[in-house]
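I would like to walk slowly through one structure with you, so please keep the sequence and the picture in view as I talk.

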Amino acid sequence: MQATADVPKKESSWTGWKGQAIDLLYWRNVKQSGAVFSSVLLLLFSLTQFSVVSVGAYLALAALSATISFRIYKSVLQAVQKTDEGHPFKSYLEMEIALSQDQISKYADKILLYTNTCMRELRRLFLVQDLVDSLKFAVLMWLLTYVGALFNGLTLLILAVVSMFTMPVVYEKHQAQIDQYVGLIRTQVNSVVGK
């Protein structure tokens, strides 16, 4: 008898893929979060040593080797046991993976909206519609030149992934202390700005 069969499955407090991403970053399922975190870090570290083409080719070869080996194993097992189970990936081969016209239209509309918004904002900043906003943008670009001198894009991506998987958990565990220190910093900044 399995005691776990009677226990209802705990549902995520968030719905959809956003909820799944939140659960992943907050390590609600340690095995799943660990697998995703280590896989992404391994991929990024591989990209620091090899080209994107090489990493993609090696990943494709590894996946293909695994599926071919499994297919051969199942074929031999069927021959030895004299069973007729069929192709081991039959259910996956029969799955519909095509995008519908509605889905493509929805994603294209979102991309178009973001692209147009970004282009309008960049035009506004570069053509100095608002002097203060353009100066803020200039300071941000100047700071990014120093960041670019210290780190390359891949290093920043690795740091972002590590931060995404560690900061939410650290904040959740030490929220009171962090909020207290942030409040102190905020009052100090406000007092300096107010003078």
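This is a predicted model: local features need pLDDT of at least 70, side-chain atom pairs count only at pLDDT 80 or more; totals for chains, interfaces and linings use all residues.

Let me begin with S75, which has its place in helix α3, where a helix is a DSSP run of H or I with at least four residues, numbered from the N terminus. S75 has a relative accessible area of 36% and is partly exposed; on this scale buried means under 20%, exposed means over 50%, and partly exposed is what falls in between, with a 1.4 Å probe and protein chains only. Going from S75 to P88 takes 13 residues in sequence, while the distance from C-alpha to C-alpha is 8.6 Å.

Residues are numbered from 1 along each chain as its sequence is written, and side-chain values use heavy atoms, with hydrogens and water left out.

Staying in helix α3, which covers residues 52-81, we also find Q78. Is Q78 buried or exposed? With a relative accessibility of 15%, Q78 counts as buried. If we set aside its neighbours within four places in sequence, Q78 is in contact with T83, E85 and G86, contact meaning heavy atoms within 4.5 Å.

Now let us turn to how helices pack. Two packed helices are described by the angle between their axes and the distance between the axes. The axes of α2 and α7 cross at roughly 170 degrees and come within 10 Å; the axes here are lines fitted to C-alpha atoms, for helices over the stretch in contact, and the angles run from 0 to 180 degrees between N-to-C directions. The two helices α2 and α7 are therefore roughly antiparallel to each other, given that angles under 35 degrees count as roughly parallel, over 145 as roughly antiparallel, 65 to 115 as roughly perpendicular and the rest as oblique. On the α2 side the contact includes S33, V36 and F37, and on the α7 side it includes L154, L157 and I158. By class, the residues of this contact of α2 with α7 are 13 nonpolar, two polar and no charged, where Ala, Val, Leu, Ile, Met, Phe, Trp, Tyr, Cys and Pro count as nonpolar, Asp, Glu, Lys and Arg as charged, and the others, Gly among them, as polar.

Which residues make up the largest nonpolar core? They are L24, F37, L41, L44, I158, V161 and F165, seven residues in all, and a nonpolar core is a set of buried Ala, Val, Leu, Ile, Met, Phe, Trp, Tyr and Cys residues joined through side-chain atoms within 4.5 Å. Helices α2 and α7 each supply at least two residues of this core. Take L44 as an example: leaving aside neighbours within four places in sequence, L44 is in contact with L154, L157, I158 and V161.

The second pair of helices gives another picture, for α5 and α6, the latter covering residues 131-150, pack at an angle of about 100 degrees with their axes 8 Å apart. Helices α5 and α6 are therefore roughly perpendicular to each other. In this contact, α5 brings L122, R124, L125 and F126, while α6 brings D133, S134 and F137. Sorted by class, these are four nonpolar, one polar and two charged residues.

Charged residues bring me to salt bridges, of which the structure holds five; a salt bridge is a side-chain nitrogen of Lys or Arg within 4 Å of a carboxyl oxygen of Asp or Glu. D133 forms one with R124, with the closest N and O atoms 3.0 Å apart, and E121 forms one with R124 as well, at 2.7 Å. E121 and R124 are three residues apart in helix α5, and are separated by about one helical turn.

E172 and R28 form a salt bridge too, the closest N and O atoms being 3.4 Å apart. E172 lies in helix α7 and R28 in the loop between α1 and α2, so this pair ties together parts that are 144 residues apart in sequence. Both ends are partly exposed, E172 at 39% and R28 at 49%. D23, R28 and E172 are linked in a network of salt bridges.

Finally, two loop residues deserve a look. W27, in the loop between α1 and α2, has a phi near 55 degrees, a positive value in a residue other than glycine. V128, in the loop between α5 and α6, has a phi near 50 degrees, again a positive value in a residue other than glycine.
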